[in-house]
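Hello,

Here is the structure I promised to pass on. Please look it over first; my notes follow below.

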Amino acid sequence: MRTTIFAMFPTGLSMLWESTDPRVALQERFGLDSFDDAAGWLAERLARDWAIDVEACDRILISAANGIAWLCTDRGTVVAKWSRAQDQFVRLAAIADLLQVLHGQGIPVAPPLPSVDGRLRVIVDSAASPLSMTVQPHVDGGLLDITDDTAVRRAGACLAHLHCALAVHRDSRLIEVEPARPVDLRRRLETWLDHDDAGTVPAASARLREQVASLPPIDSGLQLIHNDYRASNIITAGSEVAAVLDFDRVTWDYCVVDLANTFVRLGTYFTDWRPTPVGVRGAFLDGYRSVRSLSPLEHQWLDVLALWYGITAIPAGDDPAGWADAL
């Protein structure tokens with residue numbers, strides 16, 4: 001399966017996840033009445049704040065409080081992203097700065113294009129509310145094909161390189177622990193088992209509880225992690241990783257948590273979510289360990305955390321993709 005984001009969404013206006021009418025969402029969330037209205041607004045903003053001349057707007061996607069547009073410009077194809085979540089504006093600015101740092105360290109990301117006054121994110125006006133906007137170059141390529149073992153190994157190595165880079169990045173706007181998420185992994189999983197487990201697969205939950213009780217505390221420290229490293233956020237050119245996308249969920253946690261989440265969700269593509277086959281996990285881990293080794297205790301916690309993420313991935317009701325069977 002090799003496809004581009006362009007091929008997965010029609011030209012024009014559409015929703016990324018929701019079943020909402022995109023025209024209603026565009027008007028209610030951003031105060032824009034139509035695709036043409038939005039395209040004109042984008043052309044005006046990019047000309048004013050980035051000195052970029054827009055020739056055409058190809059498509060616009062809406063996801064919750066966010067919008068994303070692909071634009072043909074005098075600087076090639078660019079991607080404009082904006083958010084109306086004002087409580088996230090400081091964090092979004094920190095992520096833009098992070099991308100610039102990672103790009104400078106050779107990590108494959110799409111670095112934000114500076115505005116005319118040097119800012120990587122700009123607060124712009126709209127009819128509905130202020131918006132935080134960034135503009136990035138479009139990266140040619142396809143989404144990671146998990147049937148390509150070489151690409152999967154290289155994606156694993158890329159995550160390890162990313163973890164090494166994130167380990168030394170310090171930004172008070174990003175270094176924080178979610179209040180409701182215990183730092184101690186045993187407490188985190190036991191709290192989930194006691195209060196949030198839907199009981200869909202009781203045998204797996206019992207196995208998880210038994211394994212958690214027997215493990216010592218993790219022997220690695222907290223650091224920034226990507227937190228959403230999966231096929232729909234990994235652009236490849238051939239079998240090489242061309243860009244890692246979507247750092248909006250970056251958080252302060254353990255590398256092994258990021259790795260376990262990826263183990264389970266690596267093969268998910270937007271609305272097409274399927275479990276990651278065991279062989280693919282093995283190839284990914286081989287690539288990861290070629291760059292960053294895991295301690296024996298991290299290996300044990302990886303198995304436990306992957307079981308936990310596997311349980312949480314099981315949908316309510318029908319399970320046509322076989323998430324429960326994958327356990």
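**The sheet and its pockets**

Six strands make an open sheet of mixed pairing, in the order 1-2-3-4-6-5. Strands (E, at least two residues) and helices (H or I, at least four) are DSSP runs numbered from the N terminus. Two strands pair if DSSP finds at least two bridges between them. Strand 1 (12-15) and strand 5 (122-124) are the edge strands, each pairing on one side only.

This is a predicted model: local features need pLDDT of at least 70, side-chain atom pairs count only at pLDDT 80 or more, and totals for chains, interfaces and linings use all residues. Residues are numbered from 1 along each chain as its sequence is written, and side-chain values use heavy atoms, with hydrogens and water left out.

Strands 4 and 6 run antiparallel, joined by six bridges. Ser-83 has Ser-132 in strand 6 as its bridge partner. Helix 4 packs on the sheet and touches strand 4, strand 5 and strand 6. Contact means heavy atoms within 4.5 Å.

Now the pockets. On a 1 Å grid over the protein atoms alone, a pocket is an open set of points where a 1.4 Å probe fits, with protein on both sides within 12 Å along at least five of seven lines; lining residues have an atom within 4 Å of a point. The largest pocket has a volume of about 1,200 Å³, the space filled by probe spheres set on the points, which are joined across faces, edges and corners. Its lining has 47 residues; Ile-68, Lys-81, Asn-233, Asp-246 and Asp-248 are the closest to its centre. Helix 4 gives the most to this lining, with five residues.

Best wishes

Terms used:
Axes fitted to C-alpha atoms, helices over the stretch in contact; angles between N-to-C directions.
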